[in-house]
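Please keep the model in view while going through them.

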Amino acid sequence: MDINYYEQSIFIFISSGHSILKITNLKKMDGGKLENAIFISVLLFIYKIIFPLNETITYLLINEILIFLSLFAWLRYVSQFVNPKLSRPLSLVINSGILNALIFFIISVTSWLFSESGNSVTNSNIVYVLFSTLIVFILIGALTYIFSVYKNLCFHRQKKNPKFYFNTMVVLFIIVALRASVISLKETESNLYYLDFSNFLFVVLYTTTITFIFMNSLRVAWIAFLNKKQKISLLIISIVLSILSWINFSLIYSSDFEIIRNFSPALEQIFSLTMIYGGIYFTVIFFITLFHLPTAEVIDRKSEELTSVKDLSKLMSQVFDFDELSETITNTTIKVSNSDAAWIIINKGNDIDLHAIEGIGIVDANKISKFLISSNMLSNTEVVVNNLTNINKKYTLPNSVKNIVSATLTVHNKNKGFLFAARKTNRIYEEEDSKPVGTFADFAAVALENAKLLEESLEKERLEKELDLAREVQYKILPQKNPDCKNLEIASLFIPAFEVGGDYYDFFEIDENRLAVIIADVSGKGIEAAFIMAHVKGIFSSLSKQYLNSKELLVAANSILKNNLSKKSFVTAIYGIFDFEKCTFNFSRGGHSPLIYYSKNKVNRLIPTVIGLGLDYSNKFENTLKELEIKLNNNDIIVLFTDGINESTNEDMQEFGYNRLEEVIKNNAHLSVDEISNEIMKNVTTFVKNSSQHDDITLVLLKWKSHKNLKGEN
Amino acid sequence: MADFDVGKHGVGPVSVLNVKGYLDAHTAPELENVFNNLIENKQYKVVVNFNDLQYISSAGLGVFMAYVETMRENNGDIKFCNLKDDVYNIFDLLGFPLLYEFYKDEKEAINKFNQADKD
């Protein structure tokens with residue numbers, strides 16, 4: 001009957017284990033850690049229900065092996081939650097504290113419950129078995145989490161791998177636990193069966209275990225990385241936890257609490273050893289934290305300096321606005337150097353500019369900075385500490401600032417300004433406080449340089465936009481097509497340089513028999529030149545209707561321009577009027593390049609004396625201006641151009657000049673005006689070769705055709 | 001980029017500017033600075049020596065126009081000397097000789113100032 005019962009039980013146990021294995025095999029999540037843990041726990045649970053009492057050594061050993069396996073499985077599972085939290089060790093400590101408190105609570109309540117009911121509840125009672133198993137599973141959960149926390153903290157931030165010591169300790173735990181379990185069979189009467197100090201071997205084993213616990217407890221490198229505030233909280237938490245661990249240990253140790261002992265003597269041993277570990281560990285933490293506390297502030301500041309340097313470098317790569325950066329720089333300077341005020345000055349000629357003033361008024365900051373500069377109390381190479389307490393009164397400096405640190409902002413070996421940090425207390429700057437000011441000054445220097453570079457690139461972009469706009473204005477001002485004239489063949493050419501030069505030409509059809517032509521060059525370049533050009537077009541197009549004489553017109557244009565142009569601007573122009581009836585060309589030159597007149601195989605360079613438009617403030621212009629009138633013959637050519645042609649320069653710095661131009665005209669005079677203009681440009685291009693074009697090139701050619709007129713009359 | 005440089009020295013009450021290289025829209029501000037300095041120091045008698053000048057653009061000419069009035073109002077002037085032919089031609093085309101005094105050499109220009117003072 002007995003054998004039958006056991007056979008049945010074993011069969012049920014194995015088959016149920018089999019079915020659970022099948023279920024868990026179906027779902028393989030997170031590497032099966034949770035499944036393994038649940039599987040072993042269920043196995044343990046079923047085993048416990050079938051064999052509630054550890055009567056023989058075989059049953060006990062299977063029991064203990066299942067206990068160890070489930071502890072191991074849960075440890076593996078829990079550890080994946082503990083590990084990611086290592087960056088916040090304090091929260092891990094608090095978690096383990098909460099679980100310690102939970103253990104305390106459970107043990108107290110259950111031992112109170114069972115002492116109430118006395119010994120009436122037998123160990124084999126099914127209710128008792130279920131209840132105790134539940135309690136044990138909760139305790140196993142808490143225990144594995146706590147143990148995992150200790151293990152992870154022990155390994156955290158450790159330079160040498162403490163694996164050996166820790167693993168040895170775990171092995172010792174297991175040996176102590178197994179021994180307790182074996183002995184429990186023999187000495188069930190004694191409450192203290194597991195602490196048999198009369199046995200020498202046991203004493204050695206136990207003290208070795210405690211020694212290893214102690215050695216592992218010394219692995220507390222992570223404390224150094226806490227800030228002062230965290231250290232203070234750790235101090236309080238560790239003392240509470242240490243006490244809690246010792247209480248828990250003594251509760252398990254006490255005779256009142258038998259649940260775990262009955263469940264598994266080995267588990268009880270592991271439990272009490274873990275509590276001893278906790279007790280020792282938190283006592284050690286308490287003292288080490290206590291010793292760390294005085295230096296906590298220094299370490300805090302160092303780490304703050306480090307993080308602010310890191311933050312600043314990050315900020316530098318993202319923000320280019322100097323004001324924004326300099327404010328961050330002065331703020332961090334105040335924090336890191338323990339100052340009350342900080343500001344930056346930038347040299348501006350003989351004066352200074354103040355930036356990012358924090359913790360002090362601008363007037364005071366200005367006064368102090370200027371005093372330090374004028375009294376040579378600053379250095380262009382190193383950080384200087386000055387105490388102003390005694391000289392404040394003498395130089396009527398603001399009373400508030402007692403100590404001041406200054407560091408140079410150096411860009412490309414040139415001093416660009418200073419970073420100041422000031423204290424309003426009598427506390428003198430020590431080296432560790434003044435040194436960071438130098439670091440932040442370097443940052444400020446880089447920020448300054450960045451801002452300058454950015455400004456330059458923005459300026460460049462602005463100039464390019466301006467250039468485009470100027471070019472657009474120029475194109476709109478120039479005539480879209482040449483007028484169709486009965487006596488004139490007209491060709492015009494405009495080749496812009498990279499930078500707008502201010503060239504302008506135009507035709508005005510005054511009436512049936514008269515056509516006016518103008519070529520002009522505005523001084524300067526860019527947008528200013530473009531707008532003056534627009535102005536000039538307006539002036540000439542309106543004057544062309546009023547004045548039928550080129551001299552009168554230029555005099556009128558000059559008087560308008562000299563009042564409207566800035567002092568350094570002027571306009572050169574040639575204005576001429578063709579009269580188709582009289583066959584004449586009447587023109588005047590206002591400081592412009594010569595007019596080239598080709599007639600009867602001869603090239604003439606016509607330069608009537610005059611002053612440029614807008615140059616003269618007296619009436620010299622009117623008095624000196626001369627007009628010329630040419631009687632035109634068939635095929636006579638008039639060439640108007642801007643200095644872009646004759647000043648075209650080759651690689652040897654030679655100019656194209658007038659002579660070459662006249663030569664080309666003379667040689668090609670028989671061609672059409674378009675062909676002549678092409679020839680001129682061909683020659684200019686061959687001449688300059690690879691040199692770039694500096695100025696706009698404008699060319700207007702007019703060929704007189706008498707026969708056209710005759711045709712028209714016919 | 002072509003370079004430009006201004007050398008300055010005083011001969012009695014007259015300031016002599018030696019302009020070198022290329023005077024165009026890009027280098028004109030340098031010369032403007034020199035003139036601003038002269039006016040700040042109340043030195044209104046200026047002789048500009050063009051001996052080492054390679055090129056002058058319209059913007060370069062504009063600098064003299066911008067300051068000549070101030071100089072003349074303060075009993076001074078801007079006089080030019082040692083111009084090479086091609087540089088002089090540019091001035092000539094614009095009619096500068098009608099408005100400014102040009103001299104062959106520096107001494108002559110300086111003497112002109114001193115003479116005017118005696119008169």
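1. A crossing of two helices is called left-handed if the near helix is turned anticlockwise from the far one by less than a right angle, and right-handed if it is turned clockwise. With this term in hand, one may turn to the model, which is predicted. The crossing of α18(A) and α19(A) is right-handed.

2. Helix α18 of chain A covers residues 657-668 and helix α19 of chain A covers residues 673-688; their axes come within 10 Å and cross at roughly 140°. Angles over 145 degrees would count as roughly antiparallel, and α18(A) is therefore described as oblique to α19(A). On the side of α18(A), the contact is made by Arg660(A), Leu661(A), Val664(A), Ile665(A) and Asn668(A), while the residues from α19(A) include Glu675(A), Ile676(A) and Phe687(A). By class, this contact of α18(A) with α19(A) has 6 nonpolar, 2 polar and 3 charged residues.

3. The axes of α2 (residues 33-50) and α3 (residues 57-82) of chain A come within 8 Å and cross at roughly 155°. The two helices α2(A) and α3(A) are therefore roughly antiparallel to each other. In this case α2(A) passes α3(A) in a left-handed crossing. Among the residues that meet are Leu34(A), Ile40(A) and Tyr47(A) in α2(A), and Leu66(A), Trp74(A) and Tyr77(A) in α3(A). The residues of this contact divide into 12 nonpolar, 5 polar and 2 charged.

4. In what order do the strands of the open sheet in chain A lie? The order of its 5 strands is β7-β8-β9-β10-β13, with antiparallel pairing. The edge strands, each pairing on one side only, are β7 (503-511) and β13 (627-631) of chain A. Neighbouring strands are turned by 15° against each other on average, direction ignored. Between β7(A) and β8 (residues 514-522) of chain A there are 8 bridges, and Asp506(A) stands opposite Ile518(A) in β8(A).

5. Helices also pack on this sheet. Helix α14 (residues 526-546) of chain A lies across β7, β8 and β9 of chain A, at about 15° to β7(A). Helix α15 (residues 550-564) of chain A touches β9, β10 and β13 of chain A, and its direction makes about 25° with that of β10(A).

6. Finally, the two chains meet in a contact that takes 19 residues from chain A and 14 residues from chain B. On the side of chain B, α2 (58-73) and α4 (96-99) each supply at least two residues. The most is given by α2(B), with 8 residues. By class, this side of chain B has 10 nonpolar, 3 polar and 1 charged residues.

How values were computed
Residues are numbered from 1 along each chain as its sequence is written. Chains are lettered from A and ligands numbered from 1 in the order in which they are written. This is a predicted model: local features need pLDDT of at least 70, side-chain atom pairs count only at pLDDT 80 or more; totals for chains, interfaces and linings use all residues. Two residues are in contact if their C-beta atoms, placed from the backbone, lie within 7 Å. Helices (H or I, at least four residues) and strands (E, at least two) are DSSP runs, numbered from the N terminus. Ala, Val, Leu, Ile, Met, Phe, Trp, Tyr, Cys and Pro count as nonpolar, Asp, Glu, Lys and Arg as charged, and the others, Gly among them, as polar. Axes are lines fitted to C-alpha atoms, for helices over the stretch in contact, and angles run from 0 to 180 degrees between N-to-C directions. Angles under 35 degrees count as roughly parallel, over 145 as roughly antiparallel, 65 to 115 as roughly perpendicular and the rest as oblique. Two strands pair if DSSP finds at least two bridges between them.
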